[in-house]
Amino acid sequence: MSDPLAGDQLLIEAAQRGDRVAFRKLFEAHSGQVTRLLCRLIPRVDVEDVGQEVFLHVHRSLGTFRGDARFSTWLYRLTLNIARMHLRKQRSRPSLTLTPDEEGGPLERSESETPLSLSERGERLEALSRLLDRLSEKKREALVLHDFQGLSAEEIADVVEAPVMTVRTRLFYARKELYAALSEEEALAGIERSVGTLPGRPAPRPEPTLSPSKGRSQ
Amino acid sequence: MSHSPKIRALIAAAEGRLSAAGQARLTRHVEGCNACRRAQSAQQRYDTLRTAAHHEEPPALRWEALEAAIDAEPQSAAAQGVADVDSQPADVLPLRSQRPVWLVGALAAAAALALSLLPSEPPAQPERAQPSAPQVATVAPARRRLGQLSLVAGDVQIAQGAGPFEPAQLHAELRPGTRLRTGAASAAHATLADGSAIALEAGTDLALPSLDGDHVDITLASGSVRNAVAHLARSESYEVHTRSGFTARVRGTRFVVTTSSDDTGVSVSEGVVQVLDHEKLVAELHAGDSFAAHHAPEPAARFEPPHAPELEPPQLGGVVLPRLSQAQAYVVAEHAYPAREGLAVRAPLGSTLALGVVDARGVMRTLNVPVSARLTPVSRERLLALLGLGARGEAAAQELGPEAVRSVVRGGILALRRCYERSLRSHPDLSARVLLRLQVLPSGRVGQAIIAEQRERARGGLPDDLSACVVKTVRAWTFPAPGGSEPVDLEVPIHLRSLDGLLK
């Protein structure tokens, strides 16, 4: 894995001295990495808040970063810690969920997509989240870091502070459980089939999601 | 006899780690093995989902929001206290903790206790050297710092207790008993340790008799103070008292208190504020509400009179400007204030206030507002018309951005959830995906709301009571006023489902 901050030691040192501009550059360089990881660990609707929380803690704790590990490893570890805490808090909440697709706002979509086809696209990502939810915390983290963040088993071992063989074992059992779950997931298979057999993209709809109406009655 | 699929071989094949001979053997095996064929199919589906996830754009974090949160922190981490963290136990704090520093220890202890009660997997064996772990650490409470000035503009004076006033410096510390004064055409902002912030308008005199974290009391002798109060725990309080005996008591909100020898005004832009007159509740104000009271000046003030009584006109009125996302700033007496926060301005009764409104492009337009009442509101429509947004719907429609819509929808989820929960009683398996089509009027209210499309998974379709409840709920939503003269159409997909359904 390439460490985007491998040559940015000066930035870190400046941020540790309280240089706000340097800290902003660190934030801009790594916020995408953090939110991508969070998207696979926690509900998407919470990613923005938790992502901000991660960087707040980075700001508070940057003084403790001594460079023993790479900054990206340190940041991944911090992100995992905060995501775990968030999930533990979530578990104590009521069991009913109501989720507007894509956080309930108007969805960004291409002209060729209808709201519901876009919704189906979101459903595939929801299905992925549902599958990942079935895994234990440790297996999920290993799988996400490997399959979605592109880390090697050795790098994951650094992040989660476990032996490489343990990480490899977690990856193996995570995949095994996922494949078993996917085989059972009739609904998901149905979606995949329906998407796969569509003759083409749906016809474009004339009206955009957000537009001033011209006196058109509903 | 059942057969376990050759997962290890399938993974190795997918990662290209199998030799050609191994690949050929696996292919032959899979052709004749149902379990392995199913596993291979699942593997391919997983790869499809993974690819979809790679193309997903994650939410972007905003630096401005982070910077504001950093500024609201009790202490600037990089500059204060962080060096002591290593000597402290690496406690895990609850998320989003912005409570005062002196609460950190107790919260960390409580969090540690709570976490110890959670089921957890056996601890991993420490087989390897541990690099420094970035635990979520506390900031060392080296010293209680209860607040500080974050902006000093013009003539700002500070005094501690009964001490003399002296020119205030940026970052000057606030303690119980601190007093602040702003002269004409001056302003000061202060940040409190719990994340709350106050802004003193020109000609303001206030004292902070209590600032101990749990209880913030602000005594406003004269002038106007804007307050943005962090969310408070049950045991905490935040009150602004005026010398005429009025008290504004809040629990996490944004509001303005204005007082003079004759009048007291409170206007609320967010949350709820209780107004008490000598400890007696006289009003409960919600967002958009304002309160005004005229009173005779007391012969003996309960605290020191304003530092410069001659600056206070004998008859003061006020102008209240709404929060306006379409404008950058309000300009009064050559001072700019963020328009998105709203503004209350004091001016002599009967005078005309020259108000500048800076639009999104930075162009300022002026408006003369006669000050005819203690709190004269200026309507949003008038301001939008001033900005030229009333005539062109297109320009106005762009202001109702996805984030604003998202925020309203998020706020309305709880009510929609109640609709769904009620329907679940009679339709326990109900799960539905609906597309709401809304028409947002220029005022921000929802003119029409219909369920444009639905895909329900319950037998018999979407229950009528649920449809009616959803439409009724959505019609009660209020969006930021898009302005213009024409309504704006929105489409919002909603997925109603229970957690049980998720886990199936």
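Which residue forms a salt bridge with A:Lys139, and how far apart are the closest N and O atoms? The partner is A:Glu177, and the closest N and O atoms are 2.5 Å apart. A salt bridge here is a side-chain nitrogen of Lys or Arg within 4 Å of a carboxyl oxygen of Asp or Glu. A:Lys139 lies in helix H6 of chain A and A:Glu177 in helix H8 (residues 164-184) of chain A, so the pair ties together parts that are 38 residues apart in sequence. A:Glu177 is partly exposed, at a relative accessible area of 32%. On terms, buried means under 20% relative accessible area, exposed means over 50%, and partly exposed is in between, with a 1.4 Å probe and protein chains only.

Before going on, the conventions. This is a predicted model, in which local features need pLDDT of at least 70 and side-chain atom pairs count only at pLDDT 80 or more, while totals for chains, interfaces and linings use all residues. Residues are numbered from 1 along each chain as its sequence is written, chains are lettered from A and ligands numbered from 1 in the order in which they are written, and side-chain values use heavy atoms, with hydrogens and water left out.

Now chain A as a whole. Chain A has nine helices and two strands, where helices (H or I, at least four residues) and strands (E, at least two) are DSSP runs numbered from the N terminus. Along the sequence the pattern reads α-α-α-α-β-α-α-α-α-α-β. Of its 218 residues, 54% count as buried.

Helix H1 of chain A covers residues 9-16, and its buried residues are A:Leu11, A:Ile12, A:Ala14 and A:Ala15. Seen down the axis of H1(A), these fall within an arc of 165°, so they line one face of the helix. The arc is that of the directions from the helix axis to the C-beta atoms. Just after H1(A), A:Gly18 takes a positive phi of about 100°.

Back to the charged pairs. Over all chains, the count comes to 17 salt bridges. A:Arg84 forms one with A:Glu137, the closest N and O atoms being 3.7 Å apart. A:Arg84 is in helix H4 (residues 71-91) of chain A and A:Glu137 in helix H6 (residues 137-148) of chain A, so this pair ties together parts 53 residues apart in sequence. A:Glu137 is partly exposed, at 21%. A:Arg84, A:Arg88, A:Glu137 and A:Glu141 are linked in a network of salt bridges.

Another salt bridge joins B:Asp71 and A:Arg20, with the closest N and O atoms 3.1 Å apart. This pair crosses between chains, from helix H4 (residues 63-71) of chain B to helix H2 (residues 20-39) of chain A. B:Asp71 is partly exposed at 45% relative accessibility, and A:Arg20 is partly exposed at 25%.

Last, chain B. B:Arg418, B:Arg422, B:Arg425 and B:Lys472 gather in a patch of positive charge on the surface. For such a patch, residues need over 30% relative accessible area and no salt bridge, and like charges are joined within 9 Å. Helix H8 (residues 402-426) of chain B gives the most, with three residues. B:Lys472 lies in helix H9 (residues 464-475) of chain B and is exposed, at 66%.

B:Ile494, in strand S25 (residues 488-498) of chain B, is buried at 3%. B:Ile494 and B:Leu416 are 78 residues apart in sequence and 9.7 Å apart in space, C-alpha to C-alpha.

Conventions:
Patches are made of residues with over 30% relative accessible area and no salt bridge: like charges are joined within 9 Å, nonpolar side chains (Val, Leu, Ile, Met, Phe, Trp, Tyr) within 5 Å. Accessible areas come from the Shrake-Rupley method with a 1.4 Å probe; for residues, only the protein chains shown count as cover. Lys and Arg count as positive and Asp and Glu as negative; His and the chain ends are not counted. The place of a charge is taken as NZ of Lys, CZ of Arg, CG of Asp or CD of Glu.
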